[in-house]
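Open the model in your viewer and keep the selection tool at hand. This tour goes stop by stop, with something to select at each.

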Amino acid sequence: MKFSADVSSSRRKSRKAHFSAPSSIRRKIMSSSLSKELREKYNTRSIPVRKDDEVLVVRGSMKGREGKVVQVYRKKWVIHIDRVNREKANGATVPIGINASNVVITKLKIDKSRQAILDRKDRSKKTDAMKQ
């Protein structure tokens, strides 16, 4: 069911918008859910993943692997995690790209802007405001 006249429900246009999205929008699309402990602490379900966050892979062949995010490769829609790599035929090791939706953030790198995002997204404050 279509709710907004301003947004197209066409598959073709949705895919075009997704795959030709600029880096600023790709950042938001490449969000990961928070672990249960962080979810309780910050009252937020997910947040865009960034370098130096610690994550746990929960889906795919690398399931169960943990590590720090080394790179958020927005152009290829993947993140690179330390110790999640494979060896090539010539002996070189290359990082394996993991989709941001397949990981859970276990430890956040907090700075001023990140804290502002968490404060803005805090659901407990929103429910308190609605009660008043």
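Is D111 buried, partly exposed or exposed? D111 counts as partly exposed, because its relative accessibility is 28%. Bear in mind that this is a predicted model.

**Stop 1: D111 and R50**

Now look at where each partner sits. D111 is in the loop between β8 and α4 (112-121). R50 is in the loop between β2 and β3. The pair thus links distant parts of the chain, 61 residues apart. R50 is partly exposed too, with a relative accessible area of 25%.

**Stop 2: D53 and R114**

Select D53 and R114 next. These two form a salt bridge, and the closest N and O atoms are 2.8 Å apart. D53 lies in the loop between β2 and β3, while R114 belongs to helix α4. Their positions in sequence are 61 residues apart, so the pair ties separate parts of the chain together. Are D53 and R114 buried or exposed? Both are buried.

**Stop 3: D82 and R83**

The structure holds three salt bridges. For another of them, select D82 and R83. Their closest N and O atoms are 3.3 Å apart. D82 counts as partly exposed, at 25% relative accessibility. R83 is exposed, because its relative accessible area is 58%.

**Stop 4: the sheet**

Clear the selection and show the strands. Which strands form the open sheet, and in what order? Six strands form it, in the order β2-β1-β8-β3-β4-β5. The pairing is mixed. Colour β2 (46-48) and β5 (78-81): these stand at the edges. Each has a single partner strand, so one side of each is left without a neighbour in the sheet.

**Stop 5: strand by strand**

Start with β1 and β2. They run antiparallel and are joined by three bridges.

Strand β1 (residues 31-34) and strand β8 (residues 103-107) run parallel, with two bridges joining them.

Move on to strand β3 (residues 54-57). How many bridges pair β3 with β8? There are four, and the sense is antiparallel. Select V55 to find an example: its bridge partner in β8 is I105.

**Stop 6: F19 and W77**

Finish with the rings. The structure holds one aromatic pair. Select F19 and W77, which form this pair. The arrangement is edge-to-face, with 85° between the planes and 6.4 Å centre to centre. F19 is in helix α1 (residues 11-19). W77 is in the loop between β4 (66-73) and β5. Here too the pair links distant parts of the chain, 58 residues apart.

Which burial class does each residue fall into? F19 is partly exposed, because its relative accessible area is 46%. W77 is buried, with a relative accessible area of 15%.

Note on methods
Residues numbered from 1 in each chain as written. Predicted model: local features only at pLDDT ≥ 70, side-chain atom pairs only at ≥ 80, totals over all residues. Heavy atoms only, no water. Pairing = 2+ DSSP bridges. Salt bridge = Lys/Arg side-chain N within 4 Å of Asp/Glu carboxyl O. Buried < 20%, exposed > 50% of the residue type's maximum accessible area, 1.4 Å probe, protein only. Phe/Tyr/Trp six-rings, centres within 6.5 Å; stacked < 30°, edge-to-face > 60°.
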